[in-house]
Amino acid sequence: MFDFLIVLVILINVRLLATGRIESLISWTAVQGVILGVFALYSRQAHLSVDVFIIGLGALLLKGLVFPAFLLHTTKIVVTSRETEPYVGPIGSLLIGMVALVVSLWLGTRLPIPGTDTSHLLVPGTLFSIFTGQFLIISRKMAISQAVGFLVMENGAFMIGVGTLYYAPFFVESGVLLDMFLAVLIMTVLITDMNRAFHHIDTHELSRLKG
Amino acid sequence: MFPLLVSLGLMLFAAVVAIVPVAKPQTRAKLSAIIAVVADGIGLVPCVSVLTGHPGMTFVAPWQMPFCSFALNLDALSAFFLVPILGLSMAAAVFGVPYLRHATDEANLGAAWCSFHILVASMVTVMLAANGLLFLIAWELTVLSSFFLVVLDRDNEVNRQAGWIYLTASHLGTVFIILCFLLLERETGSLDFSAFSHAALLSPAFKGFLFLLAVLGFGTKAGFIPFHVWLPEAHPAAPSHVSALMSGVMIKTGIYGIVRILYFLGHPSPWWGWLLITIGLVSGVLGILFALSQNDIKKLLAYCSVENIGIIAMGLGLGLLGLSLGNRDVAVLGFAGGLLHVLNHAVFKGLLFLGSGAVLEQTGTRDMDRMGGLLKRMPYTGATFLVGCLSICGLPPFNGFISEFFIYFAAFAAVLNGSLSLAVPGLFIIVGLSLIGGLAASCFAKAFSIIFLGNPRQARAAEAQEVAWSMRGPMMVLASLCAVISFVAPSLLGIFERVLGVFPEFSTGPDVTSSLAQVATPLFIITASGFLFFTILGSIVMTRVGLLANRKVETSVTWDCGYAQPSVKMQYTGSSFSQPLVELFNSVLGTETQMSGVDGYFPRKGSFLSHSANIFIEKLFKPAFTRIETLSHRFSWIQNGVVQAYVFYITITLVFLLIGGLM
């Protein structure tokens, strides 16, 4: 079951790399968020208490519904083109993704992390998510993709978090989710402001701010 | 130690008071200045007690900072430097309250006072720090807080430029200090000053390298030529009471640093002395020459600080040379002269900068050629400024003479009793000091006469009035100190015994006291002659007052060979006064003049402009920095402004680190 969920996450990452449309980027991130929520609840089923349940459900709702809703809403307000306008096209992105997956799998064998006995795919999956997120940030011009990339990276970190720790204090987990919430909020505000200033959300415009 | 901690705490409290918006800015400024004055007063108590023979104190607080310990140590050397810092801060704080009210707008007032208090507190910490890292932190705070004061009038392009030069120069200097401390740490195993003293056992070559680093690093702060370029830019830009503090004591932290490092390094090599003497001679002579060619009063004073730092370096250099060649008298008197000049320069340079602040407040300009005739309008400022001028020229019976006398005495001792390798530098110093003294006299004759004598050259100067008592007070106290220090000089000898006693090289071997005792008799004669001078001067003044009583005193124009329409423009200007000397040394100064229109029997409108470029900036630093700039522009494609590229750099770095770590 763990392996299955992780493979799903990895496949969604590949899908994210291949897509060129903003809406599909956001909706696939939403699916990934739901899967991770399930992953969180499932991985801790043996120790399920009220606060663990709240956190799992909270993660599922935030990652699967709230954040994507925010981003979609922003997209509707600001976007002039539906393309993410990549520096690297879908084929190139997929090739780089494959290399990243191989590197992640190799790193997974070299990186002994205690508590990863649940699944040997946990570390490679996490690393691949982080690489994917970073690649999305680097290779796409539209500012929305930077927000999505950040979410994907965070998803990776979330996965290894719930996968290795059977229990983390309520405050820590809720704090992490709150951070995420604020980050997404700020990013959407920034994107809206950017749109207002440049009438576009191409991050290339930011270089015009150089003194 | 406790009073000093209280004093530091109060200074920081004053800094907070200055910026917390609980009362009107003026009220807060006044309150924080009062707190600072109390803090300075409390801090002076333990310093004076250590200087009068009580044992030094240490304080170590637990601190989690890596490589660092919050270790403070008050020994006679720290105390000797702390006295002028705390004393002058007191005067500057009192002076600053009315001065800043005019010099800056209300929005800046809180920030100005906050920076001022932090500057003083950090200088005190620099003096007390007994750990390299703590020292560097405090050192950096000194730079930053004074930087904010330099750019206080930030709307002025010149001031911003001065601020950048200052910040760059200070940080370049700090690089050498960090290097010096790190090497000391590597050799002695700790950044604590107590461990640094093991450095005395290192090889002479390595010790020489450390000394060189210290001279480069601390010399930049002190203002040795050619590292002085920031000084004539930054000091005039700061508010005058801060210039007093910067010129009077802040640059002395550089001298303190050099002396402190010397205390660690044990027996010196002769070339250390040669180096300091050369730097001293160059800084002294060039400093006063540049000062002579200035028309901006604060710039003149700033260049003159370079000259005085040169005198201090000469004293220390002679001391080092005496020490390395085994001539105890030369060593003791050289060091004592250099250190005493630190104290004296703080007093009279503080006084002169405060005086220039008072003049600036009344006339609204720093250009001496727009002043004139201020002695009649500002008698207190004028009289105290005159005392400052006499002291800085090293004229008896004021304090500047005493410290130069020590150095002269050491130099004569070197020439008369020393070997050839001691006699030659001694001779150089005698000649150099005499030259500097003569040029200084000319320079300050110009400054005083152009500002205070004659008739006002413009309307603002004619409307000038005496400044408030809270500005007069500090100047009068400092002026009287100029005389008092020279009168109590014989009793200061004990202090030098203790200050030099901290130096391991002096604590062994023959007694320091006997060397110092040689100057006791001449000092006593100087003091007695001083008393005689003041008595005669007093009686002359009394006679004049008595003769003029009940008589009508009229003012009239100067006798002008019968010319019908004398004008204020016919007076000597600063440039014309110094022209002969400036022309004589023009090869060094590079002064450019432009004159037009004066020809024929009936010349029409004419103009004359003279400008002394800063040759060190123009010929040395500008080309060097332009070179660096062109080189670094080749790498500017890295900073292309594309966000993605920056994330890419980070990612690549992290991935490489990860892979590298797991290989």
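Which residues are buried in helix 8 of chain B? They are B:Lys207, B:Leu210, B:Phe211, B:Leu213, B:Ala214, B:Val215, B:Gly217, B:Phe218, B:Gly219, B:Thr220, B:Lys221 and B:Ala222, where buried means that 20 or more other C-beta atoms lie within 10 Å of the residue's own, exposed means 12 or fewer, and partly exposed is in between, with C-beta atoms placed from the backbone. This is a predicted model, in which local features need pLDDT of at least 70 and side-chain atom pairs count only at pLDDT 80 or more, while totals for chains, interfaces and linings use all residues. Residues are numbered from 1 along each chain as its sequence is written, and chains are lettered from A and ligands numbered from 1 in the order in which they are written.

**Chain A: overall form and confidence**

- Chain A has seven helices and zero strands; helices (H or I, at least four residues) and strands (E, at least two) are DSSP runs, numbered from the N terminus.
- The radius of gyration of chain A is 17 Å, close to the 17 Å that the globule rule gives for 211 residues, so chain A is as compact as a globular protein of that length. The radius is taken over C-alpha atoms, and the rule is 2.2 Å times the number of residues to the power 0.38.
- Taken along the principal axes, the C-alpha atoms of chain A fill a box of roughly 50 × 35 × 30 Å.
- Buried residues account for 40% of the 211 residues of chain A.
- Of the contacts in chain A with a separation of 6 or more, 77% are between residues 24 or more positions apart; a contact requires C-beta atoms, placed from the backbone, within 7 Å.
- The average pLDDT of chain A is 83, and 94% of the residues score at least 70; pLDDT is the predictor's confidence in each residue, from 0 to 100.
- Within chain A, confidence is highest in helix 5, at a mean of 89, and lowest in helix 7 (residues 170-198), at 81.

**Chain A: the loop residue A:Glu83**

- A:Glu83 is in the loop between helix 3 (50-78) and helix 4 of chain A.
- A:Glu83 counts as exposed, because it has 12 C-beta neighbours inside 10 Å.
- Leaving out residues up to four places away in sequence, A:Glu83 touches A:Gly20 and A:Arg21.
- The C-alpha atoms of A:Glu83 and A:Met142 are 8.1 Å apart, although the two residues are 59 residues apart in sequence.

**Contact between the chains**

- Twelve residues from chain A and ten residues from chain B take part in the contact.
- On the side of chain A that touches chain B, helix 4 (90-110) and helix 5 (122-139) each supply at least two residues.
- Helix 5 of chain A gives the largest share of that side, three residues.
- The side of chain A that touches chain B has six nonpolar, four polar and two charged residues. Ala, Val, Leu, Ile, Met, Phe, Trp, Tyr, Cys and Pro count as nonpolar, Asp, Glu, Lys and Arg as charged, and the others, Gly among them, as polar.

**Chain B: overall form**

- Chain B has 27 helices and four strands.
- Chain B has a radius of gyration of 26 Å, which agrees with the value near 26 Å for a compact globule with 663 residues.
- The C-alpha trace of chain B spans about 95 × 70 × 55 Å along its principal axes.
- Of the 663 residues in chain B, 51% are buried.
- Among contacts in chain B between residues at least 6 apart in sequence, those joining residues at least 24 apart make up 79%.

- Helix 8 (residues 204-222) of chain B has 19 residues and should span 27 Å at 1.5 Å a residue; its end C-alpha atoms are 25 Å apart, which agrees. The expected span is 1.5 Å times one less than the number of residues.
- The buried residues of helix 8 pack against helix 6 (157-188), helix 11 (252-265), helix 12 (270-292) and helix 13 (297-324) of chain B.

**Chain B: backbone exceptions**

- Most residues other than glycine have a negative phi, and most peptide bonds are trans.
- The peptide bond joining B:Ile225 and B:Pro226 is cis, with omega about 10 degrees, and B:Pro226 is in the loop between helix 8 and helix 9 (231-237) of chain B.
- A cis peptide bond also runs from B:Pro396 to B:Pro397, with omega near 10 degrees; B:Pro397 is in the loop between helix 16 (379-392) and helix 17 (399-417) of chain B.
- B:Asn550, a residue other than glycine, has a positive phi near 65 degrees.
- B:Asn550 lies in the loop between helix 23 (520-548) and helix 24 (574-584) of chain B and is exposed, with 6 other C-beta atoms within 10 Å.

Note on methods. Contact = placed C-beta atoms within 7 Å.
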